Amino acid sequence: VIVVSAEFVNSSVIACQTPPSAFAGAANISVANNGVDFSEEHLEFTYYDAPLVYSVEPSYGLVTGGARVTVRGANFVDFPTLRCKFNSTAVPAVYLNSSTVLCWSPPLPSGLGGWVEATGATASVLVDVSNNGIQYSTSSSFFSSSASSWFVYRRTPTITAVVPPLGSSQRSTLINITGSGFVPSSRPSCVIGGVAVPSIPDTAT
């Protein structure tokens, strides 16, 4: 039995720090006012292994947020307090399994987002995961984080022209779209008439 000190908050709340545990799993909690006579009732506290983040996909999105990001790692727990954090902004996460969660990128703060849009620069943030909404994965350390745990905010791409501007409804037409803000990607795509199609790299020299 391990006894730790508690802090009196009010007649219905006390606070205490959990001791470290060598194992993940459930532990019983009871309390005493005098350090001797402990409550007969027991509540349960669950220890879990610290979550880890290995990769995020896609690894970049718009400053306005809303990108569905798949986060892969280890030791994720299916609990209502599951969260992803983009830099200092926490968002709810959807549990898929102990190594995969989904979350949606939040928008950049307006000042930084406006700067990215105006200059075409990028803003990189670390992505971390928390099972309890308080303690986050250790990838938040700048020097120990993997490059694959970064998410990059980019300006919104713009389009100015499509060539040719028309084609047959019975046959596929290869079109070239010009604009700005395009970047190399493993899955670039276009939406034409509400249908998403993969884009084709321009190989012309």
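Among the elements of this predicted protein model, β10 has the highest mean pLDDT (97) and α1 the lowest (77); pLDDT is the predictor's confidence in each residue, from 0 to 100. Helices (H or I, at least four residues) and strands (E, at least two) are DSSP runs, numbered from the N terminus. Over residues 140-145 the pLDDT is below 50, and this stretch has seven contacts in the model beyond near neighbours in sequence, a contact being heavy atoms within 4.5 Å. Where pLDDT is low, the predicted coordinates should not be read in detail. For the protein, the mean pLDDT is 85, and 93% of its residues reach 70 or more.

Residues are numbered from 1 along each chain as its sequence is written, and side-chain values use heavy atoms, with hydrogens and water left out. As this is a predicted model, local features need pLDDT of at least 70 and side-chain atom pairs count only at pLDDT 80 or more, while totals for chains, interfaces and linings use all residues.

The largest nonpolar core has 22 residues, and Val71, Cys84 and Phe86 have the most contacts inside it. Such a core is a set of buried Ala, Val, Leu, Ile, Met, Phe, Trp, Tyr and Cys residues joined through side-chain atoms within 4.5 Å. Strands that each supply at least two residues of this core include β5 (52-57), β7 (68-74) and β12 (150-154). The largest share, four residues, comes from β11. Leaving aside neighbours within four places in sequence, Cys84 is in contact with residues including Val71, Val101, Cys103, Val129 and Tyr136.

Cys103 has a relative accessible area of 0% and is therefore buried; the classes are buried under 20%, exposed over 50% and partly exposed in between (1.4 Å probe, protein chains only). Cys16 counts as partly exposed because its relative accessibility is 48%. A search of the whole structure finds zero disulfides, a disulfide being a pair of cysteine sulfur atoms within 2.5 Å.

Ser105 lies in the loop between β10 (100-104) and α1 (110-119). Its relative accessibility is 4%, so Ser105 counts as buried. Not counting residues up to four places away in sequence, Ser105 touches Gly65, Gly66, Ala67, Val69, Phe86, Phe151 and Tyr153.
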